[in-house]
Amino acid sequence: MKKLILIGVVASFVIAFGSCKPKQSAYKSIYEAAKDREMDDNTISTTDDEVASVSKPATSPSYSSSTESVRKEKVEPVYESDANNLKLYSVVVAAMAMKPGAESLKQRFTNDGYNVILARNEQGMYRVIVASYESKEQAVAKKNEILNNYLSSSDIATLKSRYGIPFNDWWILQREY
């Protein structure tokens, strides 16, 4: 009888501890989750591209400064050299969680001739800014001008595949201090 109890206890220990797998470190799991989010942000869906190219109006939309929505955030420039260039209203082309992705996008727009600023908000998100002004009207006008230049040279699907961002989701950021 004692042997049966001992065999039962040993078998239950083997089953209980044999099914445990080693735990990943907290850092590794957070890193992998962030990488997955970055990959999801940069993944381009064919159906979205097809819908975007089909639903693109003949002329690109332009917004007046009175109807343009503005998001307010407290942001700081990532690099001190950009501190003087970051004004009250900025044209944000992308918001990214990972700095390497933001740096890569910054380089692509810099190659196109824009003085790109990287800013970071209080939640740690990076804002890729292509223009910054003291007035909302100037920021909206510049946003429309840049978008029209890109959309006149290519369609939304091609631009999205080249830059990895949607060209119909740019917005104006009002900097809070």
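**Surface patch and selected residues**

Reply: Met1, Leu4, Ile5, Val9 and Phe13 make up a nonpolar patch on the surface, with about 570 Å² of accessible area together. Keep in mind that this is a predicted model.

Me: Where does Met1 sit relative to helix 1?

Reply: Met1 is in the segment before helix 1, which covers 2-18.

Me: Is Met1 buried or exposed?

Reply: Exposed. Met1 has a relative accessible area of 76%, and the cut-off for exposed is over 50%.

Me: New topic. Where is Glu73?

Reply: Glu73 lies in strand 1, residues 70-77.

Me: Why does Glu73 count as buried?

Reply: Because its relative accessible area is 15%, and buried means under 20%.

Me: Which side chain does Glu73 have a polar contact with?

Reply: That of Arg127. The polar contact between the two side chains is 2.4 Å.

Me: What else does Glu73 touch, neighbours within four places in sequence aside?

Reply: Besides Arg127, Glu73 is in contact with Asn121, Trp171, Leu173, Gln174, Arg175 and Glu176.

Me: Back to Arg127. How far is its C-alpha from that of Ala97?

Reply: The two C-alpha atoms are 8.9 Å apart. Along the chain, Ala97 and Arg127 are separated by 30 residues.

Definitions and conventions. Residues are numbered from 1 along each chain as its sequence is written. This is a predicted model: local features need pLDDT of at least 70, side-chain atom pairs count only at pLDDT 80 or more; totals for chains, interfaces and linings use all residues. Side-chain values use heavy atoms; hydrogens and water are left out. Patches are made of residues with over 30% relative accessible area and no salt bridge: like charges are joined within 9 Å, nonpolar side chains (Val, Leu, Ile, Met, Phe, Trp, Tyr) within 5 Å. Accessible areas come from the Shrake-Rupley method with a 1.4 Å probe; for residues, only the protein chains shown count as cover. A salt bridge is a side-chain nitrogen of Lys or Arg within 4 Å of a carboxyl oxygen of Asp or Glu. Helices (H or I, at least four residues) and strands (E, at least two) are DSSP runs, numbered from the N terminus. Buried means under 20% relative accessible area, exposed over 50%, partly exposed in between (1.4 Å probe, protein chains only). A polar contact is a pair of N or O atoms within 3.5 Å; within protein, one must be able to donate a hydrogen and the other to accept it, and residues adjacent in sequence count only if both atoms are side-chain atoms. Contact means heavy atoms within 4.5 Å.
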